[in-house]
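Open the model in your viewer and keep the sequence panel in view. We will go from stop to stop, selecting as we go.

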Amino acid sequence: MEMGSRTEVDEDGDNNKGRMWDLDQQFDGSIEEEAGRLKNMYTEKQTSPLLLLRLAFQSLGVVYGDLGTSPLYVFYNTFPEEIVDPEDVIGALSLIIYSLTLIPLLKYVFVVCKANDNGQGGTFALYSLLCRHANVKIIPNQHRTDEELTTYSCSTLIHEKSFAAKTKRWLEKDTYRKNALLILVLFGTCNVIGDGILTPAISVLSASGGLKVAHPRMSNGVILVVAVVILVGLFSMQHYGTDKVSWLFAPIVLLWFITTGGIGAYNIWKYGSSVLKAFSPVYIFRYFKRRRKDGWTSLGGIMLSITGTEALFADLAHFSVSAVQLAFTVVVFPCLLLAYSGQAAYLFNKGDHVIDPFYRSIPDCIYWPVFVIATLAAIVASQAAISATYSIVKQALAHGCFPRVKVVHTSKNFLGQIYVPDINWILMVLCIFVTAGFKNQSQIANAYGTAVVLVMLVTTVLMTLIMILVWRSHWIIVILFTGLSLVVECTYFSAVLFKMDQGGWVPLVIAAAFLLIMYVWHYGTVKRYEFEMHGKVSMAWILGLGPSLGLVRVPGTGLVYTELASGVPHMFSHFITNLPAIHSVLVFVCVKYLPVYTVPEEERFVVKRVGPKNFHMFRCIARYGYKDLHKKDDDFEKKLFDNLFLFVRLESMMEGCSDSEEYSWSEPPSEHSRDGNEGGNTMVSSSVNSTVVSYMNMGQISRSQTEMDELEFLNRCRDAGVVHILGNTMVR
């Protein structure tokens with residue numbers, strides 16, 4: 001058991017007793033109008049055209065670097081040997097064109113990105129949406145009042161006999177199904193982390209390979225050293241934050257897309273435009289008919305053209321959906337089509353140059369400037385996967401699925417832009433090991449392709465559930481989306497299986513290691529919560545001790561931290577039986593993460609009274625979303641006390657509404673809000689408290705002497721010192 005104490009005196013201590021709500025304020029409108037205004041404020045992102053252009057520009061540097069550098073290595077990994085039939089190039093180009101159209105453009109940019117959780121992307125964002133629309137969360141620490149948050153955005157109306165209702169009941173019926181869904185999400189998350197390791201390795205190594213094209217006698221060892229130095233520099237820059245990094249990287253990527261698109265257009269003009277007939281899907285059929293098994297296994301190389309798409313969705317937290325869509329449709333997609341078509345035109349005439357065709361197709365006069373741009377773009381490509389890893393680890397932390405690591409918010413304007421130091425250095429070490437261990441971009445590419453296709457398959461399964469439970473889409477649309485996605489992705493997956501022994505096993509090992517860590521951590525979190533729930537102290541025992549709790553009540557305030565959102569924790573009985581004295585005011589503080597991206601500040605705290613008034617015991621639940629940053633600092637303490645004082649004032653106003661011994665400030669009155677240890681609740685919505693005051697014409701109600709006395713008592717106890725009491729539950 002640990003006890004940490006800290007005494008803080010508010011700078012405005014002399015004004016504490018005078019900090020009373022101005023009851024003479026008058027507001028217009030009804031409770032419903034105020035709630036609707038707040039709901040619109042948090043569920044609808046309004047962005048000006050200038051801000052949209054700015055975010056679209058920045059998204060190039062963070063989101064699209066990975067997808068944009070694929071032309072460096074796609075054709076090399078598709079045709080590991082010399083091209084015999086030039087028609088094979090047209091077939092491969094046709095596969096690339098339709099892969100880019102179906103997966104990044106149609107599936108991700110215009111469908112999956114719309115399934116964001118208020119701007120948050122990634123597998124855990126989809127899981128959070130499902131948790132709000134179906135009872136699939138394993139830790140049962142949610143309360144119905146959580147659903148009344150303005151950011152919860154959960155539609156409750158569902159027809160009992162609809163397919164959505166049947167699917168919901170099927171998921172909720174069995175704990176094993178909930179566990180299976182969680183494991184699926186964790187598996188997808190682990191593959192995104194693996195992507196964060198493999199992307200920098202293949203991108204930087206491929207770009208560095210341009211040195212050998214210019215200097216054929218250069219050894220592979222030199223290329224490897226150059227790649228490792230670049231990787232160390234890249235990971236060392238991460239602490240500056242996505243905002244600064246994206247402003248540095250965005251111009252590079254924009255220049256890269258313009259350069260590759262321009263070189264592609266030049267090669268089409270120089271070597272012939274006959275490759276443009278690849279836009280006809282007929283050449284895909286001819287390609288497989290001609291190459292048979294070799295054509296099928298070559299899909300492992302073709303699939304590299306859509307790598308980075310999964311990072312696109314995971315990086316959504318850093319930018320808005322419309323910005324990501326604008327950047328892709330206006331810049332990324334057209335330039336990629338030109339780049340691949342230009343390389344195909346070059347290879348159609350020079351099939352023996354299949355090794356590093358990108359560098360060989362560059363005009364000699366601009367070779368070195370393009371090499372510098374390509375190297376810088378490869379560095380940027382790694383940023384997309386690294387940023388995606390940070391976002392997804394932060395979401396996993398909030399769901400209790402990852403060991404506690406330090407999360408640094410690097411931007412005051414965009415809370416989604418974060419840096420995780422521990423993960424950063426782990427990624428760097430593993431990335432260097434992969435680069436130095438393989439020394440061959442073709443084996444890294446096989447590993448990379450496996451990780452990417454597995455994430456896509458997980459996203460497809462989760463999106464199917466989203467379309468059924470959240471969007472309530474027609475079953476025909478669900479079947480079309482799921483069927484088309486699975487056909488394409490399973491085809492690619494079958495191709496990478498052929499290369500499992502050539503590097504494809506690496507992401508599976510990485511995913512298995514992280515999956516074991518994450519699932520064991522979540523399992524321990526659930527068991528710890530269940531232990532504390534079963535060990536709750538009965539309210540009858542507390543009442544039997546009397547107002548003094550059988551101890552000396554000394555001046556001061558004790559903040560007792562607990563995992564429980566209801567009931568008195570077991571460790572409190574340990575305090576009572578082992579300590580000679582306890583503070584005059586006790587507040588049980590529960591920090592709880594909800595399956596929402598953020599909880600507005602005015603709805604953050606839920607305050608309740610525990611026991612009769614003369615016990616001076618309260619419960620304060622601090623609610624956070626997975627995007628929010630929680631710090632036990634002076635600001636947190638100040639807001640906690642402000643909400644405690646406001647609760648006492650509101651309780652005094654509503655004393656005539658209920659005779660119960662526990663009150664709550666955060667939710668509407670209910671007869672059904674009960675737990676095993678505490679009584680019913682009289683509640684007031686925090687998000688509409690201003691309207692409540694107007695509604696009750698509070699300007700004409702005077703404060704009772706009891707309220708004044710209790711507020712003065714709470715202020716004195718706060719000024720006497722605040723002690724933070726932490727109890728540790730060990731899981732063995």
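Select arginine 472. You are in the loop between helix 20 (441-469) and helix 21. This is a predicted model, so treat each stop as a prediction. Look at the backbone of arginine 472: its phi is near 55 degrees, a positive value in a residue other than glycine. Why stop for that? Most residues other than glycine have a negative phi. Now check the surface. Arginine 472 has 30% relative accessibility and counts as partly exposed.

Next, select aspartate 356. It sits in the loop between helix 16 (321-349) and helix 17 (357-360). Is aspartate 356 buried or exposed? It is buried, because its relative accessible area is 13%, and buried means under 20%.

Now go to helix 21 and select residues 475-497. Leucine 480 is found in this helix. Show the side chains of Trp475, Ile476, Ile479 and Leu480. Together they make a nonpolar surface patch of about 450 Å².

Jump to helix 13, residues 293-297, and pick threonine 297. Its relative accessibility is 17%, so threonine 297 counts as buried. What does threonine 297 touch, leaving aside residues up to four places away in sequence? The answer is Phe498 and Lys499. Select both and see how they meet threonine 297. Then find aspartate 294. Its backbone oxygen lies 3.0 Å from a polar atom of the side chain of threonine 297.

Last stop: colour the chain by pLDDT. The mean for the protein chain is 80, and 83% of its residues reach 70 or more. Select helix 5, residues 87-109. Among the elements of the chain, helix 5 has the highest mean pLDDT, 94. Then select strand 1, residues 2-6, which has the lowest, 37. Move on to residues 656-702. Here the pLDDT is also below 50, and the stretch has 116 such contacts. Take care with both stretches. Where pLDDT is low, the predicted coordinates should not be read in detail.

Methods. Residues numbered from 1 in each chain as written. Heavy atoms only, no water. Patch = residues over 30% accessible without salt bridge, like charges linked within 9 Å, V, L, I, M, F, W, Y side chains within 5 Å. Areas by Shrake-Rupley, 256 points an atom, 1.4 Å probe, with all protein chains shown as cover. Salt bridge = Lys/Arg side-chain N within 4 Å of Asp/Glu carboxyl O. Helix = DSSP H or I, 4+ residues; strand = E, 2+ residues; numbered from the N terminus. Buried < 20%, exposed > 50% of the residue type's maximum accessible area, 1.4 Å probe, protein only. Polar contact = N/O pair within 3.5 Å; in protein donor to acceptor, adjacent residues only side chain to side chain. Contact = heavy atoms within 4.5 Å. pLDDT = per-residue confidence, 0-100.
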